[in-house]
Amino acid sequence: TKALHDFKKSMDNNVLIDGVEKKLIIEYLYEVQEYVTFTVAVKSGKFSGETSFCISKENTLLNIEKLLEIQKFLKGTCEIKDFDSDSVINIRMRELGHMDIYGQIGGSHQEQSMKFKISTDQTVLSGLIKVLSSFL
C-alpha cells in the first residue's frame, strides 16, 4: 500500500550509514515543548547499541548550522549532546573529505552504554542535516 511504501521510504532517509561493520540510524520519536527526542542506533564492528537523545530545538538548529559549515569547508567538528545524559555524537572532518563519527550512546549512569567510532566521508553530512532539519 502507499502508506507502507511512504513509511519504508521515510525509514530509508533515517539510515545514514548502512554497512556490514558500521551503521548509523536516527529516528524521530516525539517532541515536548521546545525539545525533540529521537533514537540513535549505532553499529561499530561487532558492537551495537541504541539510545534516546533529547535536545532542544535551539541546539538542533545550532548543530545544523555547524554541520552546514563543515560540509561547505570540509573542516571542523560538531558535538550533538543529549540533554538528559552524557550520551554524545561527535562529527570530526579530517583531510580530503574523510570524517569520523564517534561518541557514546547510553549514559554512564545507565546499566549499559557504548563508546563507538565510525570512519566515513562527507557524503553522510547531507543525510544527517536532512534528518535533523526534519525535527524542527
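Trainee: Which residues does Asn-90 touch, not counting residues up to four places away in sequence?
Mentor: Asn-90 touches Cys-78, Glu-79, Asp-100, Ile-101, Tyr-102 and Gly-103. Contact here means heavy atoms within 4.5 Å. A word on the source: this is a predicted model, where local features need pLDDT of at least 70 and side-chain atom pairs count only at pLDDT 80 or more, while totals for chains, interfaces and linings use all residues. Residues are numbered from 1 along each chain as its sequence is written, and side-chain values use heavy atoms, leaving out hydrogens and water.

Trainee: Why is Asn-90 called buried?
Mentor: Buried means under 20% relative accessible area, exposed means over 50%, and partly exposed is in between, with a 1.4 Å probe and protein chains only. Asn-90 has a relative accessible area of 12%, so it is buried.

Trainee: Where does Asn-90 lie?
Mentor: Asn-90 is in strand β6, residues 88-93. Strands (E, at least two residues) and helices (H or I, at least four) are DSSP runs, numbered from the N terminus. In space, Asn-90 is 7.1 Å from Thr-77, C-alpha to C-alpha, although the two are 13 residues apart in sequence.

Trainee: How many aromatic pairs does the structure hold?
Mentor: There are four aromatic pairs. Rings of Phe, Tyr and Trp (its six-membered ring) pair if their centres lie within 6.5 Å; planes under 30 degrees apart count as stacked, over 60 as edge-to-face and the rest as tilted.

Trainee: What makes the pair of Tyr-28 and Phe-135 tilted?
Mentor: The ring centres of Tyr-28 and Phe-135 are 5.7 Å apart, and their planes stand at 45°, so this pair is tilted. It links distant parts of the chain, 107 residues apart: Tyr-28 is in strand β2 (residues 22-32), and Phe-135 is in the segment after α3 (123-134).

Trainee: Are these two partners buried or exposed, or in between?
Mentor: Tyr-28 has a relative accessible area of 40%, so it is partly exposed. Phe-135 has 3% relative accessibility, so it counts as buried. Ring pairs also link Tyr-28, Phe-38, Phe-53 and Phe-135 into a cluster.

Trainee: Why is Phe-83 called exposed?
Mentor: Its relative accessibility is 55%, so Phe-83 counts as exposed.

Trainee: How many salt bridges does a search of the whole structure find?
Mentor: The search finds seven salt bridges. For this label, a side-chain nitrogen of Lys or Arg must be within 4 Å of a carboxyl oxygen of Asp or Glu.

Trainee: How do you know that Lys-23 forms a salt bridge with Asp-18?
Mentor: The closest N and O atoms of Lys-23 and Asp-18 are 2.4 Å apart. Lys-23 is partly exposed at 28% relative accessibility, whereas Asp-18 is exposed at 60%.

Trainee: What makes Lys-117 and Asp-100 a salt bridge?
Mentor: Their closest N and O atoms are 4.0 Å apart. The pair links distant parts of the chain: Lys-117 is in strand β8 (residues 114-121) and Asp-100 in strand β7 (residues 98-105), 17 residues apart. Asp-100 has a relative accessible area of 2%, so it is buried. Salt bridges that share partners join Arg-92, Arg-94, Glu-95, Asp-100 and Lys-117 into one network.
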